[in-house]
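Please examine the structure shown below. The paragraphs that follow lead through its charged pairs, its chain contacts and its aromatic rings.

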Amino acid sequence: MKRRDRSLLVIPSLVLAATTFAACSGDDESASGTPQVEATGGASGDGGQDDAAGGTDAVGGAGGSTFVPDLRADSNRNGTIDFDDPTEDDNEETWDATRGAIFLANIDDDLMACPKQVNGKPLPDAQLAACNDAADEVINGDDDLQDLARLRTAPWEQAPNDAVGTLSLSTPGADYARLFILRGAGFEMLTPGESIPASELRAGIELAIEGKDVVRDDAIWDGFVDVTFTVDGGSSGQSGSDVIRLRLAPVLLSHHLQPAEAIYVTTIGGDPDSAAFRSDLSAAVSAAGVPEGLKGLYPSDYDQWTQDFFETGYMTMPAPGGGQHVITVFIRSANQESATLLRVGGRLVFEHFRGKNVAGLQQFLAVQSEEMDTLDSFGNTETIPPYEHAGEAYPFGRIIRGSTTSYYPDRSVTTLLTSQRMQPMLTVDTSWLWVSHIDETLTYVKADNARGWALVVNDPALARSMLEQASQQGHGNVPMFVGKSWYAENSWKEIPAEVTIDQVLANADVMAQSAQAAIEIDAQLDVLRNEVGITDSEIIRVPFLHDEVYGYSIAYQPGTVNGTVLSDTHFAAPDPHGPVIAGKDIFKEQMTETFSAHGITVHFIEDWNLYHRLDGEVHCGSNAKRAVPAIARWWETGR
Amino acid sequence: MKSSIMATGIVVLGLGLCAFASDAWAAGIMLQTVDLAPPARASLLSDIQQARAKHPSSFSDVSHARAVAEEAAKNYRGRYPSIAGYLKNLGPAALMPMLEVLAVKAPPQGAMTDAAWRALRVGLLEAVGSLRDPRAEPVLRAIVVQKPADEHELRAAAEALGRLGTDSAAATLIALARNAGPHQHAVVNGMGDCRRHKVAQALSAMLDQHPSQELAQGVVRSLGSVGNAWAWKTPVVASSGEEQATRMLAGKAALKAFVTFEGAVRAEAQKALLVIAHPDAAAWIAAERKQAQGELGNALDSLAGKLQSNPLLR
């Protein structure tokens with residue numbers, strides 16, 4: 001339904017006082033940013049005062065006012081369009097950390113009208129993703145209108161009948177944005193090159209702009225578009241233009257200091273291992289006070305790696321009253337089942353999540369190496385929390401992924417993420433790991449230190465020293481992994497996993513791989529020391545050993561770093577099933593005490609059967625939607 | 001008459017079916033039995049027979065690995081499907097069943113997908129290697145010498161052979177590594193698990209041959225593995241009595257690589273020195289530093305600093 005939006009406050013212009021005008025001599029005012037005007041004759045002005053921008057005030061009456069086209073958007077980012085406010089007009093054709101208008105990619109589905117099936121069959125991947133509110137040329141309801149930024153022109157009450165205006169978008173932005181004009185009862189699409197009649201020029205026009213897509217490659221389009229309002233004054237002999245630069249809001253990924261609003265987990269009905277995992281996780285989520293609690297997801301193929309097949313983020317633009325308008329973004333992973341089929345679980349991005357103020361996003365290359373496909377799982381995409389280092393500020397943190405020059409995720413996804421520019425990407429080497437995900441060795445929790453957070457890192461050396469100490473104290477025969485078994489499909493017998501401390505210490509392959517892992521993790525830390533300025537006092541060390549698969553490294557004990565941050569004070573970790581000495585699991589005890597020192601309660605989650613022995617852990621089997629910062633002033637970063 | 005003809009026919013048919021079945025299973029999944037020298041073949045068949053009598057359930061467990069591999073190929077995490085976790089944990093009683101599948105008789109690939117088939121083959125090799133039983137050596141050597149076309153299978157076989165740690169295993173790997181070719185990298189990788197002084201010598205000598213950056217990186221990584229400080233603390237590796245000599249040689253060779261090469265090889269050499277964690281490494285670096293200037297000097301200073309904070313020694 002098209003309607004005039006009344007939620008955006010537009011202060012009526014006091015045209016005579018506020019609008020800038022050129023001098024009656026007709027000199028152009030270039031470079032200062034004020035609108036261009038050409039006066040070729042007709043009545044001269046009455047010599048009104050210059051305004052702050054250097055033009056002259058308009059004077060009214062048919063006796064000879066000079067018209068200057070004046071297009072306005074929320075260039076001062078206060079959520080309104082103010083003709084009285086010179087800051088709204090100053091340098092409006094520029095865009096930087098201090099000023100510039102913003103619009104959103106309108107790729108949500110406010111009416112939840114996008115189809116998910118055709119003739120009872122799932123839509124093909126491309127078709128599923130193609131539908132959103134910007135895919136058509138109409139505004140899809142009241143809620144959809146909220147997603148569009150506004151522009152307005154100052155009325156030209158003296159416009160002669162043969163005056164005509166046009167609006168144009170710069171290239172390449174014109175391919176990625178769409179203008180609507182308010183007419184009658186509502187907004188309708190403005191056709192490129194369409195003429196604005198004098199009647200509308202006299203009243204002033206109201207426009208709305210939507211982005212058709214996010215920035216996917218800033219080398220092709222960087223998110224900026226100039227809207228030019230041109231007026232041919234006809235018999236008035238006046239003409240001119242005004243330009244406003246707008247920028248498309250980037251997609252920002254969430255970090256762990258943003259409180260979790262919901263935790264997601266795949267539900268496999270009738271599976272006791274899934275039930276056990278969900279039961280423990282649910283208790284932890286409740287204890288953490290996550291507002292929407294634990295939410296079950298039902299991918300059609302029972303994909304239990306909930307972390308991997310989607311990532312959450314958001315886009316924002318200023319709203320009235322200092323607020324912001326938010327579209328949550330769910331990104332589907334680029335994992336491929338085959339050359340023609342993306343990972344099935346990722347369909348939930350569109351079939352389940354896409355909706356009102358929730359966008360679904362998908363990006364992938366048609367051809368990707370089978371071996372590198374694991375890097376496209378979102379367990380390999382995390383966000384370092386905000387920090388400042390070496391003179392640079394990262395108020396939204398930085399994306400961190402496992403990637404090397406020879407072993408890397410889908411390049412088009414990397415391009416999409418880096419093209420957002422707000423969270424410059426950092427890469428570390430995860431190629432030595434079997435699954436190669438960044439979450440296998442590193443995570444981030446809130447901490448009461450100058451940084452505001454701490455880096456949690458796997459420490460195989462600590463694990464070994466704990467076991468050595470226990471052995472030296474006479475506990476070498478104490479078993480670990482008690483009651484656990486290794487993977488046996490098709491209801492074959494369970495293979496006991498129980499092993500003693502001394503047996504582990506004597507396992508040459510586990511010891512060798514753990515030593516190598518310790519060195520590789522230290523190399524990862526070197527990157528963070530250099531790029532983030534992390535110091536040892538800001539590191540929380542979590543002990544577990546590694547084993548070898550295909551010559552690569554995998555957690556031998558449950559990878560307790562690979563847990564989920566539920567809140568600032570609650571962390572869900574895999575149950576380590578460590579050796580119990582004096583009634584206590586020594587690995588649980590170590591982790592509990594270490595986190596407790598930071599005010600964090602650790603909840604141990606049973607994940608052995610469905611996750612650990614299948615090469616993943618709690619974080620891999622869960623996902624989170626996190627609260628958007630109250631004001632995400634990405635526009636002030638200068639990026 | 002008709003019944004005797006029919007009975008004869010049935011017998012012939014049965015013999016034919018048996019023959020067909022045995023023909024289909026005349027080989028293991030990596031070797032044909034004839035690929036083994038007669039004495040080794042006879043010894044293996046005898047061991048398998050004894051194991052079947054003693055641990056019959058292990059043979060069922062190993063035969064189930066096909067189903068495990070097929071399931072893993074449908075739903076796996078990581079680069080490829082892997083069933084090593086299942087096979088490794090069957091324990092020592094599974095050695096002979098696994099060798100039988102590898103080298104004596106097993107169903108062919110049949111309807112198994114390529115991914116599942118490779119998971120089975122690599123899993124068996126990795127599991128056999130983890131047992132470090134010298135009775136596996138003839139089979140592993142024969143597989144390595146044949147140089148399977150799949151690099152992961154060759155690497156797994158080379159590692160498994162290396163883990164035996166015998167003189168003959170080391171000699172086989174050293175000889176194969178000398179020849180350039182597609183197999184070389186996989187064999188060099190496998191040498192890292194053969195923690196013997198002669199292997200450290202061979203790897204060190206390879207670095208003196210001005211290898212390509214990629215090969216040098218693999219050689220250096222294997223040097224680190226050969227000298228791995230924690231591996232040498234385990235009885236099975238320490239039993240050779242060669243710890244001191246091997247780790248010293250590996251460490252010095254890694255340092256030489258650090259000085260000689262740049263870029264990725266130097267980075268790998270740093271990791272190798274840290275993994276080896278030799279107590280004299282700091283002194284070696286200090287000696288090298290005296291002659292080094294400029295960028296190399298700075299790199300050696302940085303290396304010395306890293307050794308001081310070696311995570312293995314915290």
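**Salt bridges, the interface and the rings**

In chain A, a salt bridge joins the side chains of Asp70(A) and Arg72(A), with 2.9 Å from N to O. Asp70(A) and Arg72(A) are both buried. The model in which this pair is seen is a predicted one. Over all chains, the count of salt bridges comes to 59.

Another of these pairs lies in chain B, where the side chains of Arg289(B) and Asp301(B) meet in a salt bridge at 2.7 Å, N to O. This pair links distant parts of the chain, since Arg289(B) belongs to helix α17 (residues 281-291) of chain B and Asp301(B) to helix α18 (residues 294-308) of chain B, 12 residues apart.

The next step is the contact between the chains. Here 56 residues of chain A are in contact with 49 residues of chain B. The two chains, A and B, bury about 4,300 Å² between them, and 52% of this area is on carbon and sulfur atoms. On the side of chain A, the residues that lose the most area to chain B are Trp492(A), Ile519(A) and Tyr550(A), which together make up 18% of what that side buries.

One salt bridge brings together the side chains of Glu520(A) and Lys271(B), at 2.7 Å from N to O. In another, the side chains of Glu548(A) and Arg163(B) meet at 3.1 Å, N to O. That pair crosses between chains, from Glu548(A) in strand β38 of chain A to Arg163(B) in helix α9 of chain B. Both Glu548(A) and Arg163(B) are buried.

The buried residues of α11(B) are Gln184(B), Ala186(B), Val187(B), Val188(B), Gly190(B) and Met191(B). Their cover includes α9 (151-164), α10 (167-178), α12 (197-207) and α13 (213-226) of chain B.

Aromatic rings complete the picture. Over all chains, 24 aromatic pairs are counted. In one of them, the ring centres of Phe481(A) and Tyr556(A) are 5.4 Å apart and the planes are at 65°, so the pair is edge-to-face. Phe481(A) sits in the loop between β33 (479-480) and β34 (485-486) of chain A, and Tyr556(A) in the loop between β39 (552-555) and β40 (564-567) of chain A, so the pair ties together parts that are 75 residues apart in sequence. Phe481(A) and Tyr556(A) are both buried. Elsewhere, Tyr264(A), Phe309(A), Phe310(A), Phe330(A) and Phe353(A) form one aromatic cluster. Charged side chains also lie over rings: Arg398(A) is over the face of Tyr394(A), 4.8 Å from the ring centre, and Arg266(B) is over the face of Phe258(B), 5.2 Å from the ring centre.

Key
Residues numbered from 1 in each chain as written. Chains lettered and ligands numbered in written order. Predicted model: local features only at pLDDT ≥ 70, side-chain atom pairs only at ≥ 80, totals over all residues. Heavy atoms only, no water. Phe/Tyr/Trp six-rings, centres within 6.5 Å; stacked < 30°, edge-to-face > 60°. Helix = DSSP H or I, 4+ residues; strand = E, 2+ residues; numbered from the N terminus. Buried < 20%, exposed > 50% of the residue type's maximum accessible area, 1.4 Å probe, protein only. Lys NZ or Arg CZ within 6 Å of the ring centre and 35° of its normal. Contact = heavy atoms within 4.5 Å. Buried area = accessible area lost by both parts, 1.4 Å probe. Salt bridge = Lys/Arg side-chain N within 4 Å of Asp/Glu carboxyl O.
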